[in-house]
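I opened the model to look up its overall build, a pocket and some backbone details. My entries follow in the order I made them.

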Amino acid sequence: MARPFIYIHMLTSLDGKIWGEFTKLPEESAAAPLFKEIGFTNEVWKTDANLSGTNTALNDYTYHKEPELDLNAVEVPHGDYIAVEKAERYSFVLDRKGILGFEKNEIFYANVHSHIVITEKASNAYKDFLRRKKISYIICGKDDVDFEIMFEKMTGLFGVKTLQLAGGGSLNWTFLRKGYVDEVSYIITAGADGSTTSPQIFMAKEGLSEDIPVSFELIDVRSDKKSGAVWLHYKVKKIWEKEEWIKKYGKGPKDFVAADNETNRGK
């Protein structure tokens with residue numbers, strides 16, 4: 001399978017959230033320049049494109065706006081639609097149901113124009129909507145996204161060599177568990193909100209992924225005294241298979257107190 005080099009780059013709260021009340025804190029705003037410097041200036045990676053999930057796009061790109069559909073639209077041609085062949089940078093968005101109401105075919109963020117590419121087999125009315133907006137789309141599976149097809153089209157049609165994964169948490173964890181992610185990078189802001197419902201950087205989702213651990217090896221760490229933020233940079237070390245994990249460790253968290261008592265017993 002041909003696929004680009006893939007890294008995760010996120011801005012999180014101290015308690016691992018990627019969205020929530022903490023985003024209003026001045027500490028979060030103060031950490032944003034470091035987040036952009038590392039992820040969007042080719043300082044660490046020469047990035048061709050980023051990939052986001054539907055929820056991230058709803059919150060950050062379309063602001064929950066519904067698409068302007070023409071239910072009587074003439075049937076569009078079959079297959080992919082490429083509106084712009086050579087963009088400065090591409091922004092791929094997974095939209096399984098065709099619900100994102102884009103207003104234009106570019107996203108302006110961190111001084112980079114990103115051309116929007118939708119990956120999903122959607123209705124004819126939605127494809128017509130995308131064509132009217134001159135927004136590219138690629139068909140990657142019948143009922144759900146086939147990531148291997150998506151990767152081949154990213155590299156073959158758009159020449160993507162390095163892909164930034166920009167969440168949400170379910171997408172991040174699914175890609176990690178499938179072995180697609182090479183490195184993980186995130187900026188931890190000096191703030192938290194304690195929410196039990198906000199999405200976090202990694203989230204297992206029934207039917208997509210399981211809460212079987214992944215271990216990492218530290219590449220670099222950097223502190224930003226001005227904002228109080230910390231940058232952590234890892235490469236993926238080991239993705240545990242479910243049977244292997246349960247055979248070695250069983251299921252359920254380790255009782256640290258009991259383990260320490262067992263170790264020190266008899267001394």
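I count a residue as buried under 20% relative accessible area, as exposed over 50%, and as partly exposed in between (1.4 Å probe, protein chains only). On that scale, buried residues make up 46% of the 267 residues in the protein.

I note that this is a predicted model, where local features need pLDDT of at least 70 and side-chain atom pairs count only at pLDDT 80 or more, while totals for chains, interfaces and linings use all residues. Residues are numbered from 1 along each chain as its sequence is written, and side-chain values use heavy atoms, with hydrogens and water left out.

**Overall build**

I found seven helices and 10 strands in the protein; these are DSSP runs numbered from the N terminus, with helices as H or I of at least four residues and strands as E of at least two. The radius of gyration is 20 Å, close to the 18 Å that the globule rule gives for 267 residues, so the protein is as compact as a globular protein of that length. That radius is taken over C-alpha atoms, and the rule is 2.2 Å times the number of residues to the power 0.38. I read the span of the C-alpha trace along its principal axes as about 80 × 45 × 30 Å.

Next I looked at contacts, meaning heavy atoms within 4.5 Å. Of the contacts with a separation of 6 or more, 78% are between residues 24 or more positions apart.

**Second largest pocket**

Which residues line the second largest pocket? I listed Phe40, Asn42, Lys46, Thr47, Asp48, Ala87, Glu88, Arg89, Tyr90, Val112, Phe158 and Gly159. A pocket here is an open set of points on a 1 Å grid over the protein atoms alone, where a 1.4 Å probe fits, with protein on both sides within 12 Å along at least five of seven lines; lining residues have an atom within 4 Å of a point. The lining divides into five nonpolar, three polar and four charged residues, with Asp, Glu, Lys and Arg as charged, Ala, Val, Leu, Ile, Met, Phe, Trp, Tyr, Cys and Pro as nonpolar, and the others, Gly among them, as polar.

**Backbone details**

Asn42, one of the pocket-lining residues, sits in the loop between α1 (26-40) and β2 (49-52). Its phi is near 65°, a positive value in a residue other than glycine. Asn42 is partly exposed, at 43% relative accessible area.

Tyr63 also has a positive phi, near 55°. I placed Tyr63 in the loop between α2 (54-62) and β3 (89-94), and at 63% relative accessibility Tyr63 counts as exposed.

Last, I checked the peptide bond from Gly167 to Gly168, which is cis with omega near 10°. Gly168 lies in the loop between β7 (162-165) and α5 (169-177).
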